[in-house]
Amino acid sequence: MLKGKKIIIGITGSIAAYKIPLVIRLLKKEGAEVQIIMTPAAKDFVTPLTLSALSERPVLIDFFDKDFGTWSSHIELGLWADIMLIAPVSANTIAKMVTGIADNLLLTTILSARCKVFFAPAMDLDMYKHPTTIENINKLQSFGYKLIKPAVGELASGLKGTGRLEEPENIVSQIENYFNDSLSFLGKKVMITAGPTYETIDPVRFIGNYSSGKMGVEIAMAFAKQGAIVNLIIGPINIEIDHPEINVTKVTSAAEMHKESLNIFRYSDIAIMAAAVADFTPYSIEQKKIKKEDGLNSIKLKATVDILADLGRNKKDGQILVGFALETDNGLVNARKKMNNKNLDVIVLNSLKDAGAGFGYDTNKVTILTKNGDEMIFGLKPKHEVAIDLLSVIEKYNIHK
Ligand code: CTP
């Protein structure tokens, strides 16, 4: 996706510089050319040797390289780059960028750059909160520089708060978004449910299922990559989702998922219901742990609300509703029936019969049906590729509906 893109990464003196080798690797994997420029202070935090090995280019620090007798032209560098990423950028360099102080190669290159400049601050929380820093960051944004916001978390000082350099994957995805000006779902609001639901029996027991949530999470990532604003409602799963364009709402039971889904669906353009919602829940919750000696022959159950069907009833013109169907027999007939009964636009049929498909696997094999009568059979593939297939079907359906 970044094939042939020329990216200058400017590294300043901050402990977070240790994250930059991973940024370089990710950018190179996407096909970008990467040139590193460091401030002299940055050398103490990450070695030029590591950076030049990964970027496959000499690292530039000074105007004049005594070893090679070469002169680095900041003007040529500024013209070469398609974008500049200053990461991590310290409070000191931010202040110099604001005032135009150009006392090292990196700062002169920033001044000469004709391309978009991204800057990703990393500093202690009190430095980040200081009015000077806030004002300086606002000024850089007013120059058209793009802020990659620092994340919240544990800082090198031991304090907790805002100031951590954004994670490498998120930095790279923001750069990808910038280049991909033909994003298919730019600004679209997409709601996705994923994972299982747990229905409480007593304080220590529940009814659940084997859903890992992987498929729904991959769909959320694919939409975020295409510029969508994603609301992901997840049941109890073991996947950490850390993406600036994905808002995560954690729920446990079908009733909680129902409440959140109804609420978010009202302002969504697209909803994908990939969750494996429990169809039944205990009639009542035991407040105390059920003891063995008391015996338990049965648990009285009642049906949960079918969230998807409820959204189908509430669907407004222009909204696209996508469901999943998990079938063991008569897949196509049952899936089409579900699509009609629940007022869906698209349904993804998961067959439990196929090896490597369904719950817990990293791969899946699906057939996607649309209300228009299209029927697309896909082969067994990684779930992130299945997600991309689904997005392309939704995009086409949206155009032709
Ligand atoms: N679903 C839902 N709420 C429920 C049950 C299911 O929103 N209480 C959604 C799932 O997220 C999925 C779709 O309905 O998108 C189909 O789920 P599936 O289990 O295949 O079918 P059901 O409608 O529950 O019917 P059955 O189990 O009888 O096949």
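1. Basis. The model is predicted, so that local features need pLDDT of at least 70 and side-chain atom pairs count only at pLDDT 80 or more, while totals for chains, interfaces and linings use all residues. Residues are numbered from 1 along each chain as its sequence is written, and side-chain values use heavy atoms, with hydrogens and water left out.

2. Domains. The chain is divided into domain 1 (6-182) and domain 2 (189-400), with bounds that come from an automatic or database domain assignment. Taken over C-alpha atoms, the centres of domain 1 and domain 2 are separated by 40 Å. Seven residues from domain 1 and six residues from domain 2 take part in the contact (heavy atoms within 4.5 Å).

3. Helices α10 and α11. Helix α10 (residues 254-265) packs against helix α11 (residues 307-314) at an angle of about 25°, and their axes are 10 Å apart. This makes α10 roughly parallel to α11 (angles under 35 degrees, on a scale from 0 to 180 degrees between N-to-C directions). From α10, Ala 254, Met 257, His 258, Ser 261, Leu 262 and Phe 265 meet Ile 307, Asp 310, Leu 311 and Asn 314 in α11. By class, this contact of α10 with α11 has six nonpolar, three polar and one charged residues.

4. Ser 90. In the loop between β5 (83-89) and α4 (91-99) lies Ser 90, which is buried, with a relative accessible area of 11% (buried means under 20%, with a 1.4 Å probe and protein chains only). Leaving aside neighbours within four places in sequence, Ser 90 is in contact with Thr 12, Gly 13, Ala 122 and Met 123.

Definitions and conventions
Helix = DSSP H or I, 4+ residues; strand = E, 2+ residues; numbered from the N terminus. Buried < 20%, exposed > 50% of the residue type's maximum accessible area, 1.4 Å probe, protein only. Parallel < 35°, antiparallel > 145°, perpendicular 65-115°, else oblique. Nonpolar A, V, L, I, M, F, W, Y, C, P; charged D, E, K, R; others polar.
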